[in-house]
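Please look through the model shown here, and then work through the questions that follow it.

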Amino acid sequence: MPIQLSVVGMALAALLTAAVVSLIATPVVKSLAFRVGAVDIPKDGRRMHDHPIPRMGGLAIFFGFMLSVLLFVPLTEQLRGMLLGGVIIVILGIFDDIYALPAKPKFLVQIAAALVAVWAGNKIEFLSNPNIFSSEPYWELGWLSIPISVLWIVGITNAVNLIDGLDGLACGVSTISSMTLLVIALTVSEPDVALLMAALAGACIGFLPYNLNPAKIFMGDTGSTFLGFILASVSIQGLFKFHMIISFAVPFLMLGLPIFDTCFAILRRVSKGQSPMTPDRGHIHHRLIDMGFSQKQAVAVLYIISAILGLSAVVLTTSGVFKAMLFLVALCAAGGLAAGLFLTHNDGRHTPQDPGRHHKTQISGNDNFFGEEDQSEK
């Protein structure tokens, strides 16, 4: 399907607008975070920065995204519901970054925000039938569309929050996921989805210079949960509504890294007899750091993994299942070979970290799964 150049131009304008607003707003938000006490003070072993760093930087991402969307995207009922839910998530994140709210109230507010978006029409009404031999190509969910949609939105909201553990990680991965869905939306002629993702990618790009290692500001729960909420909601509009087998796989490829890390965290904690909400140092980014990677190297590795999954999603959408599977298998084989070589050289042992590196290796501590208790001092 040909890509409309007019839509590409609008998407570029939306991206640049969001990036400029986010870039300008971040220093202002940084000053505000210090004033209201939204500061991450290193306390536990999951954090390796040795000085207070402001968070709540996601407010700049929110401003950039909202202004760009209001300028370039028609305000449909679905969009109003999604934006209202996003506002609720941002307000919750601001209070959490300042006061470290308990887990259960945060979870309930996230469900309420998801219900607002779902009630406005952002819901998964069909699921592709993974049984390719079945005469039914998709399942109509009926009343199940509401709980399944809420589960998807709340799950992805917290999955993105969960990977926000290294400088620039969640913001960069969200940028890659947004760009992936932007390209897919352009190829399948979904202009509104393309503009939404351009705005989100631009807002993240404008924030990244302040968030890359060594970070000057963290996005906090304000940013990570907002990014997850918007990605989850827009993916429903742009992907799940297609009655094709590819619609079952594309969202999971596009958001593969946060989904995998979340599932692995749940299994790891439950297998140890712990609550899934218990913070730990077992996430993918922690493991890369413990293997001897610097923070910049670990973030680069995870960016590459996200990009591979995103490219696979684009290939799957544009070229069909067979080519996408070949592409994904080839890249996985190359990645497996590289990992094998690295592990051989390191003998799979933990590489002690140079104490002098701790100032540069800053783990932001926004490791909050379904409201995981944040252990930092306020």
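A residue is called buried under 20% relative accessible area, exposed over 50% and partly exposed in between, with a 1.4 Å probe and protein chains only. The model is predicted, so local features need pLDDT of at least 70, side-chain atom pairs count only at pLDDT 80 or more, and totals for chains, interfaces and linings use all residues. Residues are numbered from 1 along each chain as its sequence is written, and side-chain values use heavy atoms, with hydrogens and water left out.

Q: Is Asp 40 buried or exposed?
A: Asp 40 lies in strand S1, residues 39-40, where a strand is a DSSP run (E) of at least two residues, numbered from the N terminus. Because its relative accessibility is 0%, Asp 40 counts as buried.

Q: Which side chain does a polar contact of 3.3 Å join to that of Asp 40?
A: A polar contact is a pair of N or O atoms within 3.5 Å; within protein, one must be able to donate a hydrogen and the other to accept it, and residues adjacent in sequence count only if both atoms are side-chain atoms. At 3.3 Å, the partner of Asp 40 is the side chain of Arg 55.

Q: Where is Asn 161, and is it buried or exposed?
A: Asn 161 belongs to helix H5, residues 145-162, a helix being a DSSP run (H or I) of at least four residues. Since its relative accessibility is 1%, Asn 161 counts as buried.
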